[in-house]
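Trainee: Could you take me through one part of this model in detail? I'd like a close look at the place where the two chains meet, plus whatever sits around it that you think belongs in the picture.

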Amino acid sequence: MRRWIRPALIGLAIILAILAPVGQGNYITYVLTSWLIFSIAAMGLNLTLGYAGQISLAQASFMAIGGYTTALLTLAGWHWMLALPVALSFCFVVGLMLGYPALRVKGHFLAFVTLAFNTLVFLILRNEEWLTGGNYGLVGMPRPDFGLFSTMKQHHFYYFTLTITIVAAVIMWWIVRSPWGRAFKALRENPIRAESLGVDTRRLTLLAFAIGSTYGGLAGALVTPLVQFIEPASFGVAHSLRILLMVVVGGAGFFFGPFLGAGVVIILPEFLRFTEGYYLIIYAALVIVMLVFTPKGLIGLGALLRDRFWGKRVARGDLKQGAQLK
Amino acid sequence: MSQFLQVLLSGLATGSIYALVAVGFTLVWQAAQTVNFAQGEFVMVPAFFVLVGTHVVGLPLWLALALALVVSVVLIGALFKKLVVEPILPSGGISLIIATMALGILLKESAKEFYGAEAQPFPAMFPTDPINIFGAVVSMQDILNLIISLGVVVLLTLFLNRTRTGRSMQAAAQNPAVAEILGVNVKRMVMYTFLINAALAALASFLITPVYLAKFSNGETLGLIAFIAAIVGGFNQIRGALVGGLLIGVLDNITATYITAEYRAALPLVLLIIVILVRPQGIMGTSEGRTV
């Protein structure tokens with residue numbers, strides 16, 4: 001791809017994101033805002049899964065931890081901007097702890113440990129009524145107010161979320177491009193070689209979990225003022241699976257995959273609404289079909305089509321540097 | 001004491017059905033490295049086939065059960081392997097996990113849309129009269145469930161260890177390349193595994209649905225418990241899945257009766273995390289060895 005195409009596309013995407021809610025009703029704006037929020041959560045999981053190769057089925061529980069922490073603090077009178085760092089640090093620490101099992105087990109075992117963790121968080125939120133309100137959840141969290149810029153209106157909250165999303169994406173871009181990011185990829189591709197090249201795989205695995213979880217927490221901290229009502233059922237295992245689906249549908253390991261994936265997972269059901277009860281059936285069938293034909297996700301589909309119609313320069317494998325090491 | 005015996009026996013009865021599901025899960029994992037997240041739905045669906053047979057078509061119960069078994073083996077055995085596992089397996093475990101999750105949603109929502117969202121009563125195959133064993137009052141149904149499930153697991157083990165086909169299936173699971181060289185038709189063996197898994201799921205469905213009623217959402221907890229049973233017992237051993245299933249059935253009942261009903265669902269999860277951290281190969285399993 002030519003050098004200028006990528007920045008141009010990103011610029012276009014941002015302009016589109018700014019223009020998207022103009023002239024739309026509250027409901028559409030709400031859907032767009034939740035698209036941004038889930039993109040953040042999926043971005044975090046993409047770091048853990050797509051870049052570092054550690055499967056996690058607990059992203060929704062970090063949204064819950066971030067969301068409930070923010071909710072409790074803002075209900076106690078804190079400003080959202082002050083509650084946010086507390087929520088994020090909390091998620092970072094819990095994510096770090098969840099990373100420890102990942103040091104011992106891989107693949108499907110890790111999937112189950114994280115799944116179990118998610119269910120445990122759900123049970124605690126449901127049963128500890130004195131703190132979390134149990135099944136009834138928490139209601140009436142205020143939206144952040146910055147004096148001149150209040151986010152009470154749906155459109156304003158959208159732009160507020162968009163700003164935070166862009167900041168989060170830039171930080172993620174920096175992480176992925178930094179030596180850390182390359183070390184994450186090394187961890188995914190070949191842990192033994194990474195270790196032998198002096199990469200501290202232990203610390204990196206933990207970090208991958210902690211940073212990914214913090215992004216989940218950020219998403220949770222944004223859901224709280226958006227919906228102004230949180231309950232345990234919004235953070236169950238099914239939602240972790242949805243976030244995982246976003247990452248895989250978009251294309252795991254691609255920077256823009258999560259945005260595309262979250263868009264498909266959040267917005268496609270709105271288009272399928274006319275099918276009434278059948279939309280989940282159609283939706284699940286589409287996911288299976290997609291995995292059969294483009295296992296790398298929708299971004300992979302683009303590459304697949306490009307290879308098909310444009311042809312590709314193939315470097316001879318045996319002449320590549322380091323080929324004999326394989 | 002008699003209460004404890006009662007709790008223990010009914011725990012074993014439920015646990016043995018979990019074990020059936022967990023055994024199927026383990027077999028599919030060994031043969032095709034497929035972690036089937038739709039396993040719970042595989043147990044939910046056959047009950048609905050029976051209901052369609054008896055209520056919609058008007059068949060007698062035994063015929064409906066037999067037909068449901070056949071339909072299940074074809075749909076969630078053969079078609080599952082051909083249409084979902086075979087094309088997606090080459091692109092990696094995580095893709096397959098997502099695909100089976102999607103399949104689970106597909107089955108669940110289909111049962112809800114095409115049959116009904118309410119829990120449907122399901123005809124019991126056995127009398128539910130209470131019987132008295134050393135002061136413990138247990139239903140006949142529980143005892144027969146326990147006997148049948150254990151019997152099936154024993155038969156399956158005998159089949160795998162004593163017959164030529166069974167041993168070929170094990171060879172195909174352990175080392176497909178060598179098995180192929182030695183003349184085992186690996187593809188066919190893998191297919192048999194999927195068929196057996198479907199049959200086990202159907203049997204578990206017929207045994208457990210009279211107790212739980214037929215509901216589209218039955219699979220959610222059942223599937224999770226079966227995975228946990230498989231992992232806790234030992235992922236690479238049939239007897240591991242059996243022990244895991246029984247253990248979870250009993251512990252679940254004991255927790256609910258004596259300790260806490262609120263955190264009842266948490267117990268298998270805590271057990272899972274402890275086992276994975278302390279003994280990842282499971283209680284009965286042998287270590288698979290792993291890289292890094």
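Predicted model: local features only at pLDDT ≥ 70, side-chain atom pairs only at ≥ 80, totals over all residues.

Mentor: Let's start with the contact itself. Chain B puts 41 residues into it and chain A puts in 38 residues. Interface size is often quoted as the accessible area that is lost when the parts come together. Here, chain B and chain A bury about 3600 Å² between them, and 81% of that is on carbon and sulfur atoms. For polar contacts, the count between the two chains is one residue pair, with both residues at pLDDT 80 or more.

So which helices of chain B supply at least two residues each to the side that touches chain A? They are α1 (2–32), α3 (61–88), α4 (93–114), α9 (218–233) and α11 (266–278). Of these, α4(B) gives the most, with 14 residues.

In helix α1 of chain B you'll find Thr26(B). Thr26(B) has 0% relative accessibility, so it counts as buried, the cut-off being under 20%. Leaving out residues up to four places away in sequence, Thr26(B) touches Ala230(B), Phe235(B), Asn236(B), Gln237(B) and Ala241(B).

Now go to helix α3 of chain B, where Gly77(B) lies. Gly77(B) also counts as buried, because its relative accessibility is 0%. Setting aside neighbours within four places in sequence, Gly77(B) is in contact with Ser72(B), Phe194(B), Leu195(B) and Ala198(B). For a sense of scale, Gly77(B) and Arg239(B) are 162 residues apart in sequence and 22 Å apart in space, C-alpha to C-alpha.

Over on chain A, have a look at the surface. A nonpolar patch there is formed by Ile10(A), Ile14(A), Ile15(A), Ile18(A), Leu19(A), Val22(A), Ile166(A) and Val170(A), with about 650 Å² of accessible area together. Two helices of chain A, α1 (5–19) and α7 (154–177), each supply at least two residues of the patch. The largest share comes from α1(A), with five residues. Ile166(A) belongs to helix α7 of chain A. At 33% relative accessibility, Ile166(A) counts as partly exposed, because that class runs between the 20% and 50% cut-offs.

Definitions and conventions: Residues numbered from 1 in each chain as written. Chains lettered and ligands numbered in written order. Heavy atoms only, no water. Patch = residues over 30% accessible without salt bridge, like charges linked within 9 Å, V, L, I, M, F, W, Y side chains within 5 Å. Areas by Shrake-Rupley, 256 points an atom, 1.4 Å probe, with all protein chains shown as cover. Salt bridge = Lys/Arg side-chain N within 4 Å of Asp/Glu carboxyl O. Helix = DSSP H or I, 4+ residues; strand = E, 2+ residues; numbered from the N terminus. Buried < 20%, exposed > 50% of the residue type's maximum accessible area, 1.4 Å probe, protein only. Contact = heavy atoms within 4.5 Å. Buried area = accessible area lost by both parts, 1.4 Å probe. Polar contact = N/O pair within 3.5 Å; in protein donor to acceptor, adjacent residues only side chain to side chain.
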